[in-house]
Amino acid sequence: LSYPVLAAMPESMEGDAWKPPQIGSTFVVASLAFVIFASCFYQRCIRQFGVVRFWVLNWIPTALLLATFPRVLEGFRNAGWGPESLPVLVVNYGAQLSFCV
């Protein structure tokens, strides 16, 4: 829920000043990745690891990403990378993908 707010905030407030279509596109890409993962890989992962172990293995990196995502994004912005730059786009899309998968 905080991602759209962070992405939509103006650059003067250390946001990305993204418009709704830009924010929505990250959700669309992440949703498609989730559908592909759930339909192609989820059952294999559950069979291999079991439900609890798979859940733990899935949430440890996600929890670390939740803690580091804003700081990494801020670091890129402080280094002069704009909201449309490749590093910022990779961080935004990568975070959304990992949160959904």
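Guide: A residue is buried under 20% relative accessible area, exposed over 50% and partly exposed in between, for a 1.4 Å probe and protein chains only. Pro 21 has a relative accessibility of 63%, so it counts as exposed. This is a predicted model, where local features need pLDDT of at least 70 and side-chain atom pairs pLDDT 80 or more, while totals for chains, interfaces and linings use all residues. Residues are numbered from 1 along each chain as its sequence is written, and side-chain values use heavy atoms, without hydrogens and water.

Pro 21 belongs to helix H2, which covers residues 20–40; helices (H or I, at least four residues) are DSSP runs numbered from the N terminus. If you look from Pro 21 to Gly 75, you move 54 residues along the chain, and the C-alpha atoms of the two are 24 Å apart.

Now find Ile 23, which also sits in H2. Its relative accessible area is 9%, so Ile 23 is buried, whereas Pro 21, at 63%, is exposed. What does Ile 23 touch, once its neighbours within four places in sequence are left aside? Contact means heavy atoms within 4.5 Å, and the partners of Ile 23 are Tyr 3, Pro 4, Ala 7, Ala 8 and Trp 18.

From Ile 23, look across to Gln 96: 73 residues separate the two in sequence, yet their C-alpha atoms are 10 Å apart in space. Gln 96 lies in helix H5. Its relative accessible area is 4%, so Gln 96 is buried. With neighbours within four places set aside, Gln 96 is in contact with Tyr 3, Thr 26, Phe 27 and Ala 30.

Let's step back to the two helices themselves. The axes of H2 and H5 (residues 86–100) come within 8 Å and cross at roughly 40 degrees; axes are lines fitted to C-alpha atoms, for helices over the stretch in contact, with angles from 0 to 180 degrees between N-to-C directions.

H5 has another partner to look at. H4 and H5 pack at an angle of about 165 degrees, with their axes 10 Å apart. H4 and H5 are therefore roughly antiparallel to each other. The H4 side of the contact includes Thr 62, Leu 65, Phe 69 and Arg 77, and among the H5 residues are Pro 87, Val 91, Ala 95 and Phe 99. The residues of this contact of H4 with H5 divide into 11 nonpolar, three polar and one charged.

Finally, turn to H4 (residues 51–78) and helix H3 (residues 42–49), whose axes come within 7 Å and cross at roughly 110 degrees. That angle makes H3 roughly perpendicular to H4. Tyr 42, Cys 45, Ile 46 and Phe 49 of H3 make this contact with Val 51, Arg 53, Phe 54 and Leu 57 of H4.

Technical notes
Parallel < 35°, antiparallel > 145°, perpendicular 65-115°, else oblique. Nonpolar A, V, L, I, M, F, W, Y, C, P; charged D, E, K, R; others polar.
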